[in-house]
Amino acid sequence: IGEGNIEVCMVISASSTTGHIDLSKRRVSPEDKAAYETRYNQAVVVQNVMRNIVKDTFNPEEAPVDYNPLLSICTRLSWKLYEEYPHAQVGLEAIAKNPSLLSKYDLSDAEKESLLRQLSRKSKSSTIKVRAQIQVTCFGYEGVLAIARALQAAKDCGSSDSPIEVLTIAPPMYSITTTAPDASSGINAIK
């Protein structure tokens, strides 16, 4: 393990007297590794949100000498979200959908505004691209014209939230693509 690298390891043994910890990279299953990496990445997102709230709202001239603003916001918000939700990021997503949930947390108006501004910015940028490949053939009298009308009907089924784009790969293969705020609405738009 090189310096500065982050690796998922399993603790084999720990000695409280000597302070040594024996770790193993091999004993970690791929499923566990993926789960812990996901959890770590979610924690990084939550911590960045907390740091940005502090950056937006903290004024060092008004604070006491030993005041830690990041510890304060974590105590009042993120740690409580970890207690109430499976992960604090899930709690932040719930707050983004329903800002009235913020009323039960001890936050100033400036902190609430900063949080909601960040969450709205993050939710706008998180769209999912859904793509499906289809084979379209018509052996009837109308042939190519019927296929063209069917593909145009597919484009017309799109909405402003989930516009549908139809691309020709190589006839009879076509690609239907849409971008949506979440996977389920994208899949429903393509269906």
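Predicted model: local features only at pLDDT ≥ 70, side-chain atom pairs only at ≥ 80, totals over all residues.
1. Residues are numbered from 1 along each chain as its sequence is written, and side-chain values use heavy atoms, with hydrogens and water left out.

2. What does E111 pair with? E111 forms a salt bridge with R76, and the closest N and O atoms are 2.9 Å apart (a salt bridge is a side-chain nitrogen of Lys or Arg within 4 Å of a carboxyl oxygen of Asp or Glu). This pair links distant parts of the chain, with R76 in helix α2 and E111 in helix α4 (residues 109-125), 35 residues apart. R76 counts as buried too, at 17% relative accessibility.

3. Helix α2 has 16 residues, 69-84, and at 1.5 Å a residue it should span 22 Å; the end C-alpha atoms are 22 Å apart, which agrees. The expected span is 1.5 Å times one less than the number of residues.

4. Do look at T75 as well: a kink of about 45 degrees in α2 is centred there (the bend at a residue is the angle between axes fitted to the seven residues ending there and the seven starting there). The buried residues of α2 are P69, S72, I73, C74, R76, L77, S78 and L81. At the start of α2, a side-chain oxygen of N68 comes to within 3.2 Å of the backbone nitrogen of L70.

5. How many salt bridges does a search of the whole structure find? The total is 5. One of them joins E7 and K25, whose closest N and O atoms are 3.8 Å apart. That pair also links distant parts of the chain: E7 lies in the segment before β1 (10-14), and K25 in the loop between β2 (21-24) and α1 (30-57), 18 residues apart. E7 is partly exposed at 33% relative accessible area, and K25 is partly exposed at 45%.

6. Finally, R149 forms a salt bridge with E142, with the closest N and O atoms 1.9 Å apart. R149 is partly exposed, at 49% relative accessible area, and E142 is partly exposed at 42%.

Notes. Helix = DSSP H or I, 4+ residues; strand = E, 2+ residues; numbered from the N terminus. Buried < 20%, exposed > 50% of the residue type's maximum accessible area, 1.4 Å probe, protein only. Polar contact = N/O pair within 3.5 Å; in protein donor to acceptor, adjacent residues only side chain to side chain.
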